[in-house]
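Let's take a walk through this model together, from its domains to its ligands and helix packing. Keep the viewer open as you read.

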Amino acid sequence: MPIHEKSLIRPENLKVQENLEVEGIDVSGHWSTFIESRVVTDYNEAMEEEIAALPGGEFIHRCWQCGSCTNACTVHAINPEFNPRYWIYLIRTGMESELLRDKDIIWQCVSCNKCTYACPRDVVPEAVMKATAHWLELKGHTPKSHSTIFDDIFSEQVIETGKIEDGRVLKRFFKQTGQALRQPWLEDLVKGLLRNLPISMLTRMGLATLVAPKTSGWSGARDAIKEYVAEQEAHHRTALGLDELVKMAETELKAGAAK
Amino acid sequence: MSDKKTESKNEKYREVAYYPGCALEGSGHAYNRSTKALGKKLGLKLKEVDNWNCCGAMEVKNIDPKLQTYLSSRVMSIAANKMKMDVVMAPCNGCYHNLKKAEYDLKNDEKSKQVVDRLSKKAGHETYQAGQVETIHALDWVKDTIGEEGLKERVKNSLAGIKIANYYGCMYTRPRHIFPEKDSGPGSESTSRPHFMDDLLDAAGAENVDFPLKTACCGGAHTLSDSDTSTRLVANILQTAEAAGAEVIATECPTCHSGLEMHQIRANRTLGIKTNVKIIYFTQLLGMAMGLKPKEVGLHENVSDSFDFVKQKGLA
Ligand code: SF4
Ligand code: SF4
């Protein structure tokens, strides 16, 4: 079991003298190791509240740091840096700069809910991971992850038509993430399918890609959902103070230009 | 219909509203075909939900969880209010999970209720009220109507000599609170060591292996957006199944199933990990055991080729 708190010590803060003699005693190498002290001054006291305002973040305040989530976590098992318990700690104490060190892996949560199953405090860490990943994107700390792009494309199609056709979602996803549709493993997959499928089935699937499936009489639901989503987005922007941030940046830009 | 005493367990499930969901119309069509064929063979009736919509899968909740609740509630509303059905059966773990989650939220969370009511009114259909329908999985459906005894009586081609690892994935058991009927004493499903699929396949003669990763995650949510992670997770599942002696992994979810198939190929390509374990839906296995032909249960619609395997085992 690795000790995760070790990750708090940044490698650049570990000092070792190659050649050092103190009062005639050779203390070269790891004998002379010391850790440079580190002072955190950039607390973001609003961070917990901001994440709690996003869907899924509601129960972050309940966490008592038992670590059951990290212990059960699927992604943690293949990448020890992935540590929900620790991130919840950083968020609640406002250590934004520390959290940002892991900003590129937080979105990798696979929503398996092993953490939710294990958590004794009903924090729903899975949802907190989603809220945190969203927060990073909304604040501009990270570009939209592949996962968010996929969610967007998928949800857009559901909202438009009421249904999903996987081939269509796949194509748009590869296009928007700049990946070639002809991945070698994907070709093997298609070949596997072709080998077994009767022609009629292929025509049916081909047709499905051209004529996307639809739920009829969906327009009422579509309009209702669109209105609701727009409202929620505005609500999240306010909670995170994004509009003010934009305004501030604009005034600063103008001031800069005037100088 | 034979012997009443062995199969009157839950008459209510004999005729259910069937919610296939999007995956079963696309990549998971084999599951759709085999579920329908198995139902027909067993004398169980499926009435497809009229004009159903997507439940939101694993994606819409990340845009807004309450939107997902609404999408799932619309399906249940149609089943209850338009079709006057009491039970919705969803074979897909994702659909099953989302309907259960919506049921839980609509029972316990005032805000979710408000959002669903508002969206339903605006969309022009009746608002679903918690408790109007019961959502069940295809496993409950077979187990509570025909049951193990009933299956034993009907076996045409025994699965004897086939070593199976039963893989349930994430959404069938987690999080525990949305499945109040599980972990509720003898005979109920367990969320830590589920066994319904094991029970059914065992009744059809199969030899279930001791598989420690029954509820491990295949990375299905990020199958495409983080393929490397998914490939590693799947490779682990496949290798563990083989190490446990399994020749087949039985599945009960289209996302898990295609995830395993897809990343079995990818693990070979990118990690050099080659596995031969077959990936087959439990409905396909049961169907063949009941005497259906491989094509009737859509074996040709699977990506991985298990024709030779089933022939060799005397199922074709
Ligand atoms: S849901 Fe995410 S954070 Fe929770 S255990 Fe699974 S991968 Fe880890
Ligand atoms: S399991 Fe729950 S209470 Fe424990 S550290 Fe994780 S989120 Fe906090």
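This is a predicted model: local features need pLDDT of at least 70, side-chain atom pairs count only at pLDDT 80 or more; totals for chains, interfaces and linings use all residues.

Residues are numbered from 1 along each chain as its sequence is written, chains are lettered from A and ligands numbered from 1 in the order in which they are written, and side-chain values use heavy atoms, with hydrogens and water left out.

Let's begin with the domains, whose bounds come from an automatic or database domain assignment. Chain A is split into domain 1 (3–35), domain 2 (47–138), domain 3 (146–210) and domain 4 (225–258). Between the C-alpha centres of domain 1 and domain 2 of chain A there are 32 Å. Chain B has domain 1 (3–137) and domain 2 (148–312), and the C-alpha centres of these domains of chain B are 23 Å apart. In chain B, 28 residues of domain 1 are in contact (heavy atoms within 4.5 Å) with 35 residues of domain 2.

Now turn to the ligands. A residue is near a molecule if one of its heavy atoms lies within 4 Å of it. Ligand 1 is surrounded by 14 residues, and the closest are Cys73(A), Cys109(A), Cys112(A), Asn113(A) and Cys115(A). Helix H3 (74–78), helix H6 (114–118) and helix H7 (125–138) of chain A each give two or more residues to this shell; helices here are DSSP runs (H or I, at least four residues), strands are runs of E (at least two), and both are numbered from the N terminus. By class, the shell around ligand 1 holds nine nonpolar, three polar and two charged residues, where Ala, Val, Leu, Ile, Met, Phe, Trp, Tyr, Cys and Pro count as nonpolar, Asp, Glu, Lys and Arg as charged, and the others, Gly among them, as polar.

You will find Asn113(A) in the loop between helix H5 (96–100) and H6 of chain A.

Around ligand 2 there are 14 residues, the closest being Cys63(A), Cys66(A), Gly67(A), Cys69(A) and Cys119(A). Helix H2 (68–72) and helix H4 (84–93) of chain A each supply at least two residues of that shell, which comprises nine nonpolar, three polar and two charged residues.

Residues making the contact include Ser72(B) and Met76(B) of H3(B) and Ala102(B) and Leu106(B) of H4(B). This contact of H3(B) with H4(B) has four nonpolar, five polar and two charged residues.

Finally, follow chain B to the peptide bond from Arg174(B) to Pro175(B), which is cis, with omega near -10°. Pro175(B) sits in the loop between strand S5 (163–166) and helix H8 (196–203) of chain B.
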